[in-house]
Amino acid sequence: MTTIDGIGTVIELAFVVIFIVFAPKNEKKKMGALLILVVGIFVAVALLSVLVLHGRIRRLFCGFASLISIAVMFFSPLSVIRVVMKTKSVEFMPFLLTFSMFLCGTAWLIFGLLEKDPFVYVPNGIGCGVGVLQLILYAIYSEKTIFMTIKRSFSQGILQINAMFQ
């Protein structure tokens, strides 16, 4: 677990740094502030759990801290779900990312159930449910999005094709 989490942390940190380097100036400030906030919370939780808490209390504290962070991660696509339902288009919801989130949530849900660990199965059950919701929306709106994209591509060029599902 430590190796996987360490590699994931390095990859995510690299992604954030690359984003901050190439982002517009106002986005750099906002993302930089968020990065400082997140790192500050992480350091505070880590120091509190190592230096102050011990035994069962430490386990509960770390379990709830990870439950909250995982739930926040899985709830973040809800804004995209709102956009998909409003625009009736999956243009802003990449399929592979959606499918990967569903598979990850499902795998950890199964692991948590087998280990009987509510700190693993509760947030990942939520993530699995959000993943199913996104896949259902993708199935409903993907065909329409394909035709809208084709129409937009041709309308900017020489030809124009009317979307079949207007």
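Phenylalanine 42 is exposed in this predicted model, with a relative accessible area of 61%. The residue is found in helix α2, which covers residues 25–52. Phe42 also contributes to a nonpolar surface patch of about 760 Å².

When residues up to four places away in sequence are not counted, Lys28 touches Ile20, Val21 and Ala23. Lys28 and Val17 are eleven residues apart in sequence, and their C-alpha atoms lie 9.8 Å apart in space.

The secondary structure of the protein chain consists of six helices and zero strands, and the order of elements from the N terminus is α-α-α-α-α-α. Of the 166 residues in the chain, 22% are buried. The accessible surface comes to about 12000 Å², and carbon and sulfur atoms account for 75% of this area. Among contacts with a sequence separation of 6 or more, 57% are between residues 24 or more positions apart.

The largest nonpolar core has nine residues, namely Phe74, Ile81, Val84, Val90, Met93, Met101, Val130, Leu137 and Tyr141. Two or more residues of this core are given by each of the elements α4 (78–87) and α6 (118–155). Helix α6 gives the most, with three residues. One of the core residues is Tyr141. Leaving aside neighbours within four places in sequence, Tyr141 is in contact with Val84, Met85, Lys88, Ser89 and Val90. Val84 and Val90 also belong to the core.

The cysteines were examined for disulfides, and the count comes to zero. Cysteine 62 is partly exposed, with a relative accessible area of 30%. Cysteine 128, in contrast, counts as buried at 13% relative accessibility. These two residues are assigned to separate classes because buried means under 20% relative accessible area, while partly exposed residues lie between that limit and 50%.

Methods. Residues are numbered from 1 along each chain as its sequence is written. This is a predicted model: local features need pLDDT of at least 70, side-chain atom pairs count only at pLDDT 80 or more; totals for chains, interfaces and linings use all residues. Side-chain values use heavy atoms; hydrogens and water are left out. A nonpolar core is a set of buried Ala, Val, Leu, Ile, Met, Phe, Trp, Tyr and Cys residues joined through side-chain atoms within 4.5 Å. Buried means under 20% relative accessible area, exposed over 50%, partly exposed in between (1.4 Å probe, protein chains only). Helices (H or I, at least four residues) and strands (E, at least two) are DSSP runs, numbered from the N terminus. Contact means heavy atoms within 4.5 Å. Accessible areas come from the Shrake-Rupley method with a 1.4 Å probe; for residues, only the protein chains shown count as cover. Patches are made of residues with over 30% relative accessible area and no salt bridge: like charges are joined within 9 Å, nonpolar side chains (Val, Leu, Ile, Met, Phe, Trp, Tyr) within 5 Å. A salt bridge is a side-chain nitrogen of Lys or Arg within 4 Å of a carboxyl oxygen of Asp or Glu. A disulfide is a pair of cysteine sulfur atoms within 2.5 Å.
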